[in-house]
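Please work through the following questions and answers with the sequence and the model side by side. What can be read from the arrangement of its parts?

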There are 2 protein chains.
Amino acid sequence: MRATTIHAPFDLRVEDVPEPVVQLPTDAVVRVLRACVCGSDLWAYRGESARTPGQRIGHEFLGTVEETGSEVGSLRRGDLVVAPFVWSDGSCAYCREGLTTSCTHGGFWGSVGYDGGQGEAVRVPFADATLVKLPKEAASDDRLLAALLTLSDVLGTGHHAALGAGVRPGATVAVVGDGAVGLCAVLAAKRLGAERIIALGRHQVRTDLARRFGATDVVAERGEAAVAAVRELTRGQGAHAVVEAVGTEQSMRTAVHITRDGGAIGFVGVPHGSGTGLDLSVLFDRNIALRGGVAPVRTYIPELLPDILDGTVDPSPVFDLTVDLEDVPAGYRAMDERTALKVLVTNG
Amino acid sequence: MRATTIHAPFDLRVEDVPEPVVQLPTDAVVRVLRACVCGSDLWAYRGESARTPGQRIGHEFLGTVEETGSEVGSLRRGDLVVAPFVWSDGSCAYCREGLTTSCTHGGFWGSVGYDGGQGEAVRVPFADATLVKLPKEAASDDRLLAALLTLSDVLGTGHHAALGAGVRPGATVAVVGDGAVGLCAVLAAKRLGAERIIALGRHQVRTDLARRFGATDVVAERGEAAVAAVRELTRGQGAHAVVEAVGTEQSMRTAVHITRDGGAIGFVGVPHGSGTGLDLSVLFDRNIALRGGVAPVRTYIPELLPDILDGTVDPSPVFDLTVDLEDVPAGYRAMDERTALKVLVTNG
């Protein structure tokens, strides 16, 4: 089959790799229908996160079950399924608590020896626990497929950020970062009943989308000017609930300074220096909590799926460029150069 | 009157200062019956926190109302009262939410221009909101007075740490720090229903007290050995709820590494380098939350007071040295040299 591999920074290739097969009785093989490129894939693309040459890449996909191992009970050939960005056994102490990202047998698509989502097919460990079935009729609805694909990462990650930030009905929320995760955090905050949602971002196409997703205010400034603008919008106090969806020193510093005393920062930007933006004495003096991390999106899919199916939540506009599998490298270039917000990959 | 003043690092004096009087109609003057020395006072004593020469010191006290301003409604001369370590107006948005430490008109005892607790009397701003009445008969019970005095800081701070760490019935809790706050966090965790409480500390007198307060296990090791010991006690996973009651780089690093994935660190040690012990990528990968800060103890007093009065909770053993006001400097020396855990100051 064809699959995307990474050989060196900025050297992505789509090449022939072995067809995946069921190796363990709990495996399934999924033929990928839609995949996408994540902001966090760019860290690998740019060489800021190390990869073994030839390693697969891509951790967001949905598709059709092609083959199942003898112990897979809930899935059949032909089922339409979405995969969260990590697999998990569904039975360990962490999985039972919903923290599937800490599963003792879990792993990340594209790890050495495993398929990635940006390919034609994927061997899925612990298929019963990992995959979530979708209505088959969705397969013929491009918009709905795109919306459902966000369950594999960005929508669940935005939801995790909103929960970490303590978004409640009536809350004032600020979202640092206008990438796909930040935009999904706006959607999630709206869904959780936030009254006011302040989106921080400089790219008007993206902040327009934030408004469409529920943002009531947009702050285009950065750094101290952004802090001043958010404080002016919040009677000098800051927001109860702040989402940090970038992961840099500056974004974390901004998040800390726009959080209201007693509030919380939900952080889901993969930390790349953000720790240095974290002044613990400010958190201490003002009782600001920090909660977040890698999102256990598998746990959130059953809660979020009905809202996508009935149209209450539609994250599909985060995809603003569609490529087919052979053009994945061009998709990365577009995201790296910020000409695309998030790239959808279609297969067949 | 006589009061403790700080002139330079290690230069504390007990000297004559003006008698406090009611200056504003919302003030009261309280004659101090018991005060104490806090671990955080040592930062000023050692010169690690700056002070203006001659500034008062001490932020924990209880005593008798001597005079009230015309607008003070709930207190009368002769009432026995305890003061939390900050005053607060009781009416601002933060106070109404219980975050009295962020009160827009709040302040800290011993600030320039204000009395400190380690003196004969204190002018108390916003007396109705700040002070909490105690049963008068407690004034003749030395043990009970000592226990009630902990409501001014250490018991409420330990409670705040336990809440920040997410202590719930059945939880496994670890407490980093065997000072008075750490010991009070053990008491608070026990009170909140923790099933297992691991106290980390090297001083046997203190860890014995931790056991008396409810600790089920003691870890005397430090650093990596402490992490290994806690992990061994918790099937390799760490504790759901971890209290960081020191504030140094090493203590924070230990706290991070003994927290179970998905757990929380309740941090109440005043940060002195603890930010550098905070590896955000570990918090991210393992979904560890960080919550805490300066404790709004005023809010907690009504909840904790009944348990002290009926003997359910008795923090009085944290005081292991009693001095009178003139000997406060000797009390600081004893705490600085760690020959005393916490010093009680008696007046009259």
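Q: Is R34(A) buried or exposed by its relative accessible area?
A: The structure is a predicted model, in which local features need pLDDT of at least 70 and side-chain atom pairs count only at pLDDT 80 or more, while totals for chains, interfaces and linings use all residues. Residues are numbered from 1 along each chain as its sequence is written, chains are lettered from A and ligands numbered from 1 in the order in which they are written, and side-chain values use heavy atoms, with hydrogens and water left out. The classes are set by relative accessible area, with buried under 20%, exposed over 50% and partly exposed in between (1.4 Å probe, protein chains only). With a relative accessible area of 9%, R34(A) is buried.

Q: Which residue forms a salt bridge with R34(A)?
A: A salt bridge here is a side-chain nitrogen of Lys or Arg within 4 Å of a carboxyl oxygen of Asp or Glu. The closest N and O atoms of the pair are 2.6 Å apart, and the pair links distant parts of the chain, 108 residues apart, with R34(A) in strand β3 (residues 28-36) and its partner in helix α4 (residues 142-149) of chain A. At 52% relative accessibility the partner counts as exposed, and the residue is D142(A).

Q: Where does the R260(B) to E97(A) pair lie in the two chains?
A: These two residues form a salt bridge whose closest N and O atoms are 2.9 Å apart. R260(B) is buried at a relative accessible area of 5%, whereas E97(A), at 49%, counts as partly exposed. The pair crosses between chains, from strand β15 (residues 259-267) of chain B to the loop between α2 (93-96) and β8 (107-108) of chain A.

Q: How many salt bridges does the rule find across the interface of chain A and chain B?
A: One cross-chain pair is R260(A) with E97(B), whose closest N and O atoms are 2.8 Å apart, and another is R260(B) with E97(A). Over all chains the count comes to 40 salt bridges, while across the interface of chain A and chain B the number is 2.

Q: What area is buried between chain A and chain B?
A: The contact, meaning heavy atoms within 4.5 Å, takes 34 residues from chain A and 34 residues from chain B. Buried area is the accessible area (1.4 Å probe) that two parts lose on being put together, summed over both. Carbon and sulfur atoms give 62% of a total of about 2,600 Å².

Q: Which residues of chain A lose the most area to chain B?
A: The area in question belongs to the contact between chain A and chain B, which involves 34 residues from chain A. Together they account for 27% of what that side buries, and they are L280(A), F284(A) and N287(A).

Q: What is the order of strands in the open sheet of 3 strands in chain B?
A: Strands (E, at least two residues) and helices (H or I, at least four) are DSSP runs numbered from the N terminus, and two strands pair if DSSP finds at least two bridges between them. The order is β2-β1-β4.

Q: Which strands of chain B stand at the edges, each with a single partner strand?
A: The sheet is open and its pairing antiparallel. One side of each edge strand is left without a neighbour in the sheet, because each has a single partner, and these strands are β2 (11-16) and β4 (55-56).

Q: Through which helix does the chain cross from β11(B) to β12(B)?
A: β11 (residues 172-176) and β12(B) pair in the parallel sense over 5 bridges, and V173(B) stands opposite I197(B). The β-α-β crossover is right-handed, that is, clockwise from the first strand over the helix to the second with the strands pointing away from the viewer. The helix is α6 (residues 180-191) of chain B.

Q: How many residues of strand β12 of chain B are buried?
A: β12(B) also pairs with β13 (residues 217-219) in the parallel sense over 3 bridges, with A199(B) opposite V218(B). The strand, residues 196-200, is largely enclosed by the rest of the structure because its buried residues number 4 of the 5.
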